[in-house]
Amino acid sequence: MENNGIVVLLNRDEKAEIIKYVAYTFTNGFYVFIDIKNNKYSINLVPKNGNIIINKIKLEKEFLLRLKEEKKRYEIYKANKGLRDFLIKKAILGEDKQENNERVLTPEEEKELESIIKEVENELKLYKKKDFTNISKTWEETHAQKRRK
Amino acid sequence: MLKKEENRVFINWRKLEGDYLITNDFGFFEYLSPSDFNKYQENNISEKLKEKLKPKAFIRTCLDFDALSKRYNNYYFNRSNPLLHILVLNSTCNENCIYCQSRASYENNIGISKMKWETAKKSIDFSFDKVVFPNQQFTIEFQGGEPLLNWEVLKKAITYIRGKENNNNKKVKISLVTNMSLMDNDKADFLLRNKVSICTSLDGPKKLHDKNRPYINNSSYEEVKKWLSFFNKKYNSQDNEQLDYPIYKPSALLTVSRYSLNYPQEIVDEYLEQGLDNIFVRPLSIIGYSAKNWNEIGYTAEDFVKFYEKVLKYILYLQINKKKYIREKFASILLKKILKFESPNYVDLCSPCGAGTMQMVYDIDGKIYTCDEARMLEPNEKKKFQIGNVFASNSLSDIIEQDSVKACAMGSNLENRFVCFRCVYKPYCGICPVLNYSLTKNIDNSMNNFYCEIKKGIFDILFKLLRNKTYYEVFKEWTDERN
């Protein structure tokens, strides 16, 4: 099989998720087999079209180039993950949603909302009954008990 | 040693004409020379480069969180319930288009072919009462096959919508997609009086149009030409006639078959000749007859992109040098996203797409589908995208919580997608999971396929042209509200 395609060997300190992504980008034209051999990642690219003649040097170069790009992207992504999450969360919870909240509910939606509220209230009652850890009690309730003791 | 201050934000990039195009999550873009790009990547950004990139939110230490989160919110989360409702009035057609996606030729006339009035009424009631909230403006579009083959139901439906609109404090835009072959003065008059917007198909000059769209009786081109002229005249003279209703400008859609590829200029000239100010250059969707006849009428993504470029450059030439104005509609939609970061609610280019959440399609038998593409699939495939039935008592939440709606949303959310997530065009792009499904039998597979290559090709053309000041000005004009 290796004779039909190329095998790229990479050190084990490369990130597996980066290798997997780069390999994935070749799956349109190649079958990709990833393995670990002699403590190295072995990536075998085999053309789906067996008759095609591939330039093995060019293909390996292309693989390594994409790997380099992806490593850089990963580094920038990592450095910005927290910020990105924060900004997207802020966008989702945006304060400009008031207009939508003021929308009048249809009778059906009101009914649905009421039934959900009832359901939650019932669940809470049930939960309170089973609350062995006292987690649902308020701070005052818990501490008043302690003081009485 | 002090840790170097992080100045980079998360970006995607693509090499374009020797430089690098970069984009960020907030839809800003910039072109960088290879040396500046390297500096950016290495977090070794000079003061000069910092100044250039700061206003476009590429410098982490200079971000306006409030403005950016608002920008992101407006673009991605400013969505409503489904506001496009498509009624399929008829599954057959009197034309025999070589690429028909819905297999609606006159030969395909087996079983139920027309929507009954009861189904149409239920569909309209459903959209009014269960889907659209008070004071919301929404669109009901009539499609086929050829909807005029079911004129009695269409007429009743339009009258019913206008009456219901008055009683329910809702505004409805009614749109009719027709090949014009069965249009007559009475029908045209009724449609105009009821403020129906007319959209037809025009594939180019007579020879090309008739080759793509053979008509059972005679030339389909002649009918289109005649009625486009009629509706255009009515549109242009409405101010003099002091009507108490507005008349919409008619529009047309172009579907590009292999036969069209040699005639980019002739097609644009034909559109101008027919008084149209927009041309929507659409590739074939590999679905229905188009898939069946692909060897005869299909082409590669590269062929289509070359054709598209010729059309676009000819349009720009006409506008800049000849003062003749016509816009390419797909470019206008993309440019609105690129230059204004506004989402024009074109459901196929949203992330996630609008299947079942922004549009719903009511088939002739009352079954509700996620989108237009879904109802065009083979019967055993399209049932996977059925999300309700107007005769069942589905609520809006019943529909939106259907697995197929969720699957479409997941499958078209670019944040979720390996390749799309890393694409420089991610902020402006969108994918159709149903078309991907019909192509690969996998809702998740969009990587480098026909549709992806076409979109990437068109983005490349636009971003190359945007570097030219004259073209930039023209494109800016295209993003105004006329679209």
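Start by selecting helices α13(B) and α20(B), which are roughly perpendicular to each other; angles of 65 to 115 degrees get that label, under 35 is roughly parallel, over 145 roughly antiparallel, and the rest oblique. In this predicted model, local features need pLDDT of at least 70 and side-chain atom pairs count only at pLDDT 80 or more, while totals for chains, interfaces and linings use all residues. Residues are numbered from 1 along each chain as its sequence is written, chains are lettered from A and ligands numbered from 1 in the order in which they are written, and side-chain values use heavy atoms, with hydrogens and water left out.

**Stop 1: the helix pair in chain B**

For the selection, take residues 329-340 for α13(B) and 450-465 for α20(B). Helices here are DSSP runs of H or I with at least four residues, strands are E runs of at least two, and both are numbered from the N terminus. The two helices pack at an angle of about 70°, and their axes are 11 Å apart. Those axes are lines fitted to C-alpha atoms, for helices over the stretch in contact, and the angles run from 0 to 180 degrees between N-to-C directions.

Now show side chains. On the α13(B) side, pick F330(B), A331(B), L334(B), L335(B) and I338(B); they meet K455(B), I458(B), F459(B), L462(B) and F463(B) of α20(B). Contact means heavy atoms within 4.5 Å. Sorted by type, this contact has 9 nonpolar residues, no polar ones and 1 charged. Nonpolar covers Ala, Val, Leu, Ile, Met, Phe, Trp, Tyr, Cys and Pro, charged covers Asp, Glu, Lys and Arg, and the others, Gly among them, are polar.

**Stop 2**

Slide on to F341(B), in the loop between α13 and β11 of chain B. Phi is near 50° at F341(B), a positive value in a residue other than glycine. F341(B) is buried, at a relative accessible area of 5%; buried is under 20%, exposed over 50% and partly exposed in between, with a 1.4 Å probe and protein chains only.

Stay in that loop and click P352(B). The peptide bond joining S351(B) and P352(B) is cis, with omega about -5°.

Another cis bond runs from G144(B) to G145(B), where omega is near 15°. Look for G145(B) in the loop between β5 (137-143) and α5 (151-168).

Next, select N43(B), between α1 (34-41) and α2 (47-53) of chain B. N43(B) has a positive phi of about 60° and is not a glycine. Is its side buried or exposed? N43(B) is buried, with a relative accessible area of 8%. As background, most residues other than glycine have a negative phi, and most peptide bonds are trans.

**Stop 3: over to chain A**

Colour chain A by secondary structure: there are 5 helices and 3 strands, in the order β-α-β-β-α-α-α-α from the N terminus. Of its 149 residues, 25% count as buried.

Finish on α1(A) (residues 16-24) and α2(A) (residues 56-92), which pack at about 130° with axes 9 Å apart. That makes α1(A) and α2(A) oblique to each other, and their crossing is right-handed. Among the residues of α1(A) in this contact are I18(A), Y21(A) and V22(A), while those of α2(A) include F63(A), L67(A) and Y74(A).

Note on methods:
A crossing is left-handed if the near helix is turned anticlockwise from the far one by less than a right angle, and right-handed if clockwise.
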